[in-house]
Amino acid sequence: EAQKQGEQSKVPDFDISDLERLFSTALAANEASNANTAGQLRASLGSKQEIVHLVDMRRANNCEIMLTKVKMSLSDMMNSVLALDSSVLDLDQVENLVKFCPTKEEMETLRNYSGDKEMLGKCEQFFLELMRVPRAESKLRVFAFKIQFSTQVQELRTSLEVIRDVCREVKGSGKLKQVMQAILSLGNTLNQGTARGSAVGFRLDSL
């Protein structure tokens, strides 16, 4: 039995040269594949041109967020502005366009840019589109006024109707006249013997 146990515990001899050859080949192939993939990625990144930003990044980011809410191209958007088409753009969108009109400094920076304009950021592209329209900011403000004109007129009409009704009530109120007469009499009594003691009326701001 001891002899049998010794035979069972004896480690068999293997020729591992084939295993080393197989595994080393696989490892080399994997390394080559990884190297090729990394090289392709670097080549792809190297061939990709970077977007050029000329506007302050925070302002540019806010502008791009605003533009994503307008579901149309820049040229179509400007055509709607020039046509004062309120069925395409609402008041909030037009007011945001006014807010992000380029400043004189930003326009000067864009005019002095001599590179490929196609590589400019979305905000810069929007500014260039606005710069093609003479007095773009003024036209946007007119557009905003047109959109809210009818609403403002209705609000003013309502306020004027309230004022008219109040004036009618004041003029036709008998009790208010009695109160005013009592105030006038009391004032003349208190000022009796003076130049103000025989007043025929008084101003409301003197009360």
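**Exercise 1.** Find how much space lies in the largest pocket, and sort its lining by class.

*Solution.* Begin with the volume, the space filled by probe spheres set on grid points joined across faces, edges and corners: the largest pocket holds about 240 Å³. A pocket here is an open set of points on a 1 Å grid over the protein atoms alone, where a 1.4 Å probe fits, with protein on both sides within 12 Å along at least five of seven lines; lining residues have an atom within 4 Å of a point. Next, list the lining, which includes Ile183, Asn188, Arg196 and Phe202. Finally, sort by class: five nonpolar, five polar and one charged, with Gly counted as polar.

This is a predicted model, in which local features need pLDDT of at least 70 and side-chain atom pairs 80 or more, while totals for chains, interfaces and linings use all residues. Numbering runs from 1 along each chain as its sequence is written, and side-chain values use heavy atoms, without hydrogens and water.

**Exercise 2.** Describe the second largest pocket and the helices that line it.

*Solution.* Its space is about 190 Å³. Of its 14 lining residues, Pro102, Met107, Arg135, Ala136 and Glu137 are the closest to the centre. Helices H6 (104-112), H7 and H8 each supply at least two lining residues; helices are DSSP runs (H or I, at least four residues) numbered from the N terminus.

**Exercise 3.** Which residues does Leu140 contact, leaving aside neighbours within four places in sequence?

*Solution.* Look for heavy atoms within 4.5 Å: the partners are Val81, Val94, Leu97, Val98, Cys101 and Leu130.
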